[in-house]
Amino acid sequence: MTLRAQHAPLPGKKGRAEGTFYWRYVMEPWLYLSPAIILIGLVMLVPLAIGISYSFQSIELLRPMNTGWVGFENYGDLVEDRKFWKSLRNTLWWTFGSVGFQFALGLGLALLLNTQFYGKRLIQPLVFLPWAVPTFLSALTWAWLFNPVIGPLPHWLAALGVLSEPYNILGDPDLAMWGPIAANVWYGVPFFAITLLAALQSIPGELYEAAEIDGATGWQCFTKITLPFLAPMIAITVMLRTIWIANFADLIFVMTGGGPANSTQILSSYIFTTAFRKLDFGYASTIAVALLFFLLIFAAILLAIRRKLVRI
Amino acid sequence: MARIALKDVYKKYGAVEVLRDIDLDIADGEFIVLVGPSGCGKSTLLRMIAGLEPITGGEFTIDGERMNEIAPRDRDIAMVFQSYALYPHMDVGRNMGFSMEIRRSPAADRTERVAGAARTLGLDRLLDRLPKALSGGQRQRVAMGRAIIRDPRAFLFDEPLSNLDAALRVEMRLEIARLHQRLAATMIYVTHDQVEALTLADRIVVLEGGIIQQVGTPLDLYERPANRFVAQFIGSPTMNILPAERSDNGIAIRGGPTLDLPGIGGTGEVANLGVRPEHIDITAPGQGDLTGVADVVEHLGSDTNIYVDVQGVGPVMVRARGNVPVKPRESVGLRLLREHAHVFASDGVALRA
Amino acid sequence: MAVLRKPSPLRVAGKYGALAFYVAFALFPLYWLLKIALTPDQLIYSEGTKLWPGAATLENFRIVLFQSDFLAYFRNSVFVSLTTAAATTLIAAGAGYAFSRFHFRGKRALVAVMLVTQMFPLLMIIAPIYKIVAAIGLLNSLTSLIIVYTAFNIPFATFLMQSFFDGIPKDLEEAAMMDGCTRFQALRKVIVPLTLPGLGATLGFVFTAAWSELLFALMLINSNDTMTFPVGLLTFVSKFSVDWGQMMAAGVLALVPSCLFFVFIQRYLVQGLTSGAVKG
């Protein structure tokens with residue numbers, strides 16, 4: 001060992017203690033994880049549990065005397081609440097309307113971007129740009145576009161004969177939902193395009209070359225290679241996105257506030273307005289638990305379908 | 001000084017035992033090669049010695065000092081990785097001097113040692129380059145330079161040559177052999193290439209299925225393989241294995257003649273006869289021990305490989321010195337050299353006279 | 001000899017037509033925002049729906065910047081977003097590193113919990129969060145927003161960082177450990193320098209997310225001093241809903257930081273989003 005005296009010893013204490021090695025081996029990951037776990041636990045999981053407990057209580061900040069455990073009373077109110085059932089129907093409309101258009105347009109964009117064309121380096125960032133726009137701003141911008149005073153859309157729609165005269169569709173209970181959906185589609189297409197483009201780029205090029213040598217046409221390449229390869233990615237993306245959009249209240253809250261006459265009220269915006277405007281935390285939490293319940297059912301169905309598809 | 005000893009060492013991932021009953025004594029300055037097919041546990045064993053993988057049980061010592069719980073940095077061992085693992089954001093000089101940088105050695109000392117190592121490895125003019133601007137062989141040298149700079153008590157090599165092309169591999173193999181002669185340090189080298197093992201090793205450790213099959217000098221393994229696995233793994237082309245039965249005074253090839261092999265006779269137990277291709281002579285048809293038809297003939301210049309189909313016995317490969325004028329579909333006789341024949345019992349263990 | 005099929009001119013035209021549609025669809029609303037912001041007040045009503053303004057002025061921007069509270073909102077938002085981004089990236093880097101490099105009991109469960117937090121309605125916890133924040137006296141404080149945003153963004157940022165760490169060979173830190181580093185030293189001296197692009201991308205994603213958040217900010221902040229940009233803008237809109245030019249000028253200003261970060265992270269977008277988790 002004397003031969004090695006030329007080396008300066010390693011700074012820091014030596015881990016010679018018996019068992020330290022194993023202790024470190026077991027504990028080290030938790031050391032790196034602990035800030036994340038603590039924050040998620042305290043800011044998300046604990047409030048989640050509290051939130052569920054709120055749904056069995058009456059907590060109205062505007063009526064502080066009226067506080068206490070009420071059992072399933074809130075849930076009873078919920079079943080009777082016509083606004084709740086209407087919000088549920090609106091949630092379906094909102095979610096599937098948005099996801100459908102986002103997916104169709106996003107897939108088209110991804111397929112286009114996966115080809116070579118002039119000016120691609122410039123066009124790609126431009127078409128992705130809406131994704132970077134803050135949601136509140138997307139909402140305001142589209143609300144303004146639909147406003148006949150300063151926006152062109154009502155005039156164009158009237159010129160096309162869709163509207164009898166240029167008025168604000170956000171004020172029309174029959175059409176209002178299309179406003180937030182349009183904003184959501186605009187905002188969400190880049191997301192689908194980005195995810196699907198990444199999946200497209202992971203398909204090995206040799207597959208297409210082999211198919212071409214075998215004499216496949218472009219359409220055959222698409223249905224026999226592209227779609228099967230994309231399918232898992234599509235399934236996951238659509239599922240996560242559906243859940244995300246069902247929870248996504250910002251656009252509706254800013255554009256219509258759920259109105260007119262609750263025609264655009266979805267469950268998540270109903271939760272927010274109940275908590276924010278009425279300060280009725282108990283009932284807001286009850287709606288939230290209901291929403292969570294529906295989402296769980298949706299996820300379970302999708303997972304079951306996916307398992308079936310994977311087996312084939 | 002570095003005497004490395006492993007005693008009853010084993011390794012488990014959950015319930016799966018990947019290494020067991022590892023007993024190995026490595027003398028100071030010895031060059032040990034761990035060899036075996038992929039998945040045999042040789043890399044895991046090396047990583048356990050390095051400290052990158054915890055040892056589940058048993059004891060691992062260096063110079064009598066227990067090392068199981070010591071962190072890699074305190075083991076004073078250097079390792080050359082298969083991927084070289086050069087730090088992409090540091091130039092060659094800093095890559096090589098990194099271990100001294102971590103130990104806060106004086107800068108002057110560091111520069112001097114880096115320069116020295118670079119000279120030895122022919123890297124003097126590349127010290128300012130980033131790894132991505134180096135060729136494969138140069139990267140390999142930097143990885144070796146990084147190891148020798150610290151003058152550690154032992155070197156570990158994890159398949160260091162497998163990413164090089166054939167010519168460079170031979171060159172770097174010589175380089176490593178020279179390095180070992182010069183430093184006289186303990187080296188442990190993992191490879192799946194038996195040529196590297198045979199050329200470099202003082203002793204070879206053959207691993208298979210997480211168990212040491214045999215430890216010995218290259219010649220030991222070639223001449224006296226402990227079992228059928230070692231016999232077929234060491235030596236190229238692979239040893240011929242012919243099904244046989246032990247008889248009174250020798251061994252009877254199934255579908256063929258009986259060879260007199262004193263001392264290993266028996267009473268009809270199933271066994272296998274092993275003969276290396278280079279231990280079979282070509283004779284005229286009908287002479288020798290077996291007769292067959294040449295199937296494929298490969299002329300390598302220095303040698304000729306002949307694949308012979310022996311009726312009733314099966315294919316036998318022969319490697320003859322020089323250029324042998326045998327043509328495909330020609331009948332040939334084969335004489336098996338008795339003094340180089342191996343017999344393996346049905347469980348694979350070698351039988352000796 | 002094979003003859004390379006040349007695409008028909010009709011298909012080429014169709015392709016560029018489709019691309020033009022997407023570009024117009026993506027840019028038109030933003031163009032309109034900018035257009036109204038630049039139109040002088042007296043022209044807004046007379047030519048409100050014309051595609052090109054008859055005259056342009058920076059007056060609206062001047063008013064927004066110097067005669068309103070928007071500069072303060074802007075500062076608050078920058079502070080909240082930057083702090084959130086820095087804290088989240090640091091914490092997520094640790095967690096992502098642990099996920100990438102260690103196998104340990106409970107890892108799968110932890111990953112599952114993090115995935116679930118990405119899916120359950122965050123609005124579910126808006127009431128409890130409000131009560132907790134009120135109880136510890138942090139209503140109207142930017143600190144509460146930073147803590148809440150940091151926690152919300154950790155799961156996604158963790159998966160993103162994990163994907164970046166996964167791209168760095170494990171050999172490198174093992175080599176560093178053989179060279180005498182502790183694991184933490186190896187992380188600091190070898191892994192972190194190589195992950196800088198990933199850290200930058202994560203920083204950008206989190207910044208953008210924090211910059212856009214509206215509902216929790218609305219709930220937790222109602223004093224004018226601590227309003228973030230979205231809350232400020234929304235308050236302005238509901239109070240002075242006819243100052244179109246000024247509102248849109250403020251909107252354009254809100255767009256600036258997001259776009260800067262977008263340009264910065266654009267490069268990592270495709271790679272980062274797929275290998276990480278999936279989030280808006």
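Predicted model: local features only at pLDDT ≥ 70, side-chain atom pairs only at ≥ 80, totals over all residues.
1. D23(B) lies in strand 2 of chain B.

2. D23(B) belongs to a surface patch of negative charge, together with D8(B), D21(B) and D25(B). Which element gives the most to this patch? Strand 2 of chain B, residues 16-26, does, with three residues.

3. D21(B) deserves a separate look. This residue, too, is found in strand 2 of chain B. For residues other than glycine, phi is mostly negative. D21(B) is also one of the residues in the negative patch.

4. Next, a sheet with mixed pairing. Six strands of chain B make up this open sheet, in the order 6-7-8-3-9-10. Its edges are strand 6 (77-80) and strand 10 (211-216) of chain B, and each of them pairs on one side only. From one strand to the next, the twist averages 15°.

5. One pairing in that sheet can be checked residue by residue. Strand 9 of chain B, residues 203-208, pairs with strand 10 of chain B in the antiparallel sense, over five bridges. Where does I204(B) find its bridge partner in strand 10 of chain B? At G216(B).

6. Another open sheet in chain B also has six strands, in the order 13-12-11-14-20-21, with antiparallel pairing. Strand 13 (258-260) and strand 21 (350-351) of chain B are at its edges; each has a single partner strand, so one side of each has no neighbour in the sheet.

7. Within this antiparallel sheet, strand 11 (residues 240-247) and strand 12 (residues 250-253) of chain B are partners. They pair in the antiparallel sense over four bridges.

8. Is the peptide bond between S236(B) and P237(B) cis or trans? It is cis, with omega about 0°. Most peptide bonds are trans. P237(B) sits in the loop between helix 8 (228-233) and strand 11 of chain B.

Terms used:
Residues numbered from 1 in each chain as written. Chains lettered and ligands numbered in written order. Heavy atoms only, no water. Pairing = 2+ DSSP bridges. Helix = DSSP H or I, 4+ residues; strand = E, 2+ residues; numbered from the N terminus. Axes fitted to C-alpha atoms, helices over the stretch in contact; angles between N-to-C directions. Patch = residues over 30% accessible without salt bridge, like charges linked within 9 Å, V, L, I, M, F, W, Y side chains within 5 Å. Areas by Shrake-Rupley, 256 points an atom, 1.4 Å probe, with all protein chains shown as cover. Salt bridge = Lys/Arg side-chain N within 4 Å of Asp/Glu carboxyl O. Lys, Arg positive; Asp, Glu negative; His and termini not counted. Charge placed at Lys NZ, Arg CZ, Asp CG, Glu CD.
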